[in-house]
Amino acid sequence: MVRIQIANQTGTAEALLNDTVAARDFARRLPCTLVAVPVEDGYEAVTAKGCYDPMESVDHFASGDLVWSGGKLLFCARERAVRRPGGIMVIGHMKAGGASWQKLMGEKLSLAVIHETSRKGE
């Protein structure tokens, strides 16, 4: 598992990335700086498109999930699960106690790996 820190001038939050092709590809791009803006399902930031395994895609996501799809990273802030057809990659989840992470959105965010546990067999 990869633990990342999301920070701006007002505070920090943490997220855990999943052990998927898309999450590992995203982690390789860190550190980076993004701007997250409010959208219907939470907060979204434009990123480069990444690689993923279609077998790992899902059709739903929930509050606190990090969703990477089509060159956009979504920090989901919906109370209930959201269903969307095809190609959604949930690459991680904001750590518990996470309502405070929403206060970081709307400003420049710095994302960086703060801890990585090696995968078995590597």
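G42 sits opposite C76, a residue of strand 8. Strands here are DSSP E runs of at least two residues, helices H or I runs of at least four, both numbered from the N terminus. This is a predicted model, where local features need pLDDT of at least 70, side-chain atom pairs count only at pLDDT 80 or more, and totals for chains, interfaces and linings use all residues. Residues are numbered from 1 along each chain as its sequence is written, and side-chain values use heavy atoms, without hydrogens or water.

Stay with strand 8. Strand 5 pairs with strand 8, antiparallel, over 5 bridges; pairing takes at least two DSSP bridges. Strand 7 is also antiparallel to strand 8, through 4 bridges. L66 stands opposite F75 there. Strands 7 and 8 make a hairpin with 2 residues between them. G70, in that turn, has a positive phi of about 60°.

Is strand 8 mostly covered or mostly open? Covered: 4 of its 5 residues are buried, meaning under 20% relative accessible area with a 1.4 Å probe, protein chains only.

Now F75. Its contacts (heavy atoms within 4.5 Å), not counting residues up to four places away in sequence, include I6, G42, L66, M94, W101 and L109.

On to the cores. A nonpolar core is a set of buried Ala, Val, Leu, Ile, Met, Phe, Trp, Tyr and Cys residues joined through side-chain atoms within 4.5 Å. The largest has 27 residues, and F75 and I91 have the most contacts inside it. Elements giving two or more residues to this core include strands 5, 7 and 8. Helix 1 gives the most, 4 residues. Another core lies apart from it, with 7 residues, among them F61, V67, L74 and V82.

Technical notes: Buried means under 20% relative accessible area, exposed over 50%, partly exposed in between (1.4 Å probe, protein chains only).
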